[in-house]
Structure formats: C-alpha cells, structure tokens
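Morning, everyone. Let me put the model up, and then I'll go through the pocket, a surface patch and a salt bridge.

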Amino acid sequence: MIALVAALLLMGIMLGAVVQLPASVSLVAASAIGCWLLLFAVRERGRARRD
C-alpha cells in the first residue's frame, strides 16, 4: 500500500512539473521517454527469446 501512495505522490509531482512547461517541451520529452521505453521493450523481448 505504501508503494502505491509513493507512486501516486511521484506522479502528482511529475504532472505538476509538466503543467509549468510549454506544450512543445512536454511533447518532446514525452516522445523521448516513449522512444526509450519502446527501445527497452524491444531489447528485453530479444533477450528473452535468446534464453
């Protein structure tokens, strides 16, 4: 339960920071994070297939 509360608190802090940034900066940051997560998922899937 404490992990859920901590995750929600962290999400609230991050969303509060995004509101202060211009929309273009937020979209660029979101795109960069999305690409990084996609790359991570592809690498993990490839690693799982080799094992």
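Start with the largest pocket: helix 1 (2-20) and helix 2 each give at least two residues to its lining. Helices here are DSSP runs of H or I, at least four residues, numbered from the N terminus. This is a predicted model, with local features needing pLDDT of at least 70 and side-chain atom pairs pLDDT 80 or more, while totals for chains, interfaces and linings use all residues. Numbering runs from 1 along each chain as its sequence is written, and side-chain values use heavy atoms, without hydrogens and water.

The space in that pocket is about 230 Å³. Its lining includes Leu10, Met14, Val18, Val25 and Ile33. By class, that lining counts 10 nonpolar, one polar and no charged residues.

Now the surface. Met1, Leu4, Val5, Leu8, Met11 and Leu15 make a nonpolar patch of about 670 Å². Patch members have over 30% relative accessible area and no salt bridge, with nonpolar side chains joined within 5 Å. Leucine 8 sits in helix 1. Met11 and Leu15 also line the largest pocket.

Last, charges. How many salt bridges does the structure hold? One. Glutamate 44 pairs with arginine 47 at 2.9 Å, N to O; the cut-off is a Lys or Arg side-chain nitrogen within 4 Å of an Asp or Glu carboxyl oxygen. Both residues lie in helix 2 (residues 23-50), three residues apart, about one turn of the helix. Glutamate 44 is partly exposed at 32% relative accessibility. Arginine 47 is partly exposed too, at 38%. That class lies between buried, under 20%, and exposed, over 50%, with a 1.4 Å probe and protein chains only.

Note on methods
On a 1 Å grid over the protein atoms alone, a cavity is a set of points where a 1.4 Å probe fits but cannot get out, and a pocket is an open set with protein on both sides within 12 Å along at least five of seven lines; lining residues have an atom within 4 Å of a point. Grid points are joined across faces, edges and corners, and a volume is the space filled by probe spheres set on the points. Ala, Val, Leu, Ile, Met, Phe, Trp, Tyr, Cys and Pro count as nonpolar, Asp, Glu, Lys and Arg as charged, and the others, Gly among them, as polar. Patches are made of residues with over 30% relative accessible area and no salt bridge: like charges are joined within 9 Å, nonpolar side chains (Val, Leu, Ile, Met, Phe, Trp, Tyr) within 5 Å. Accessible areas come from the Shrake-Rupley method with a 1.4 Å probe; for residues, only the protein chains shown count as cover.
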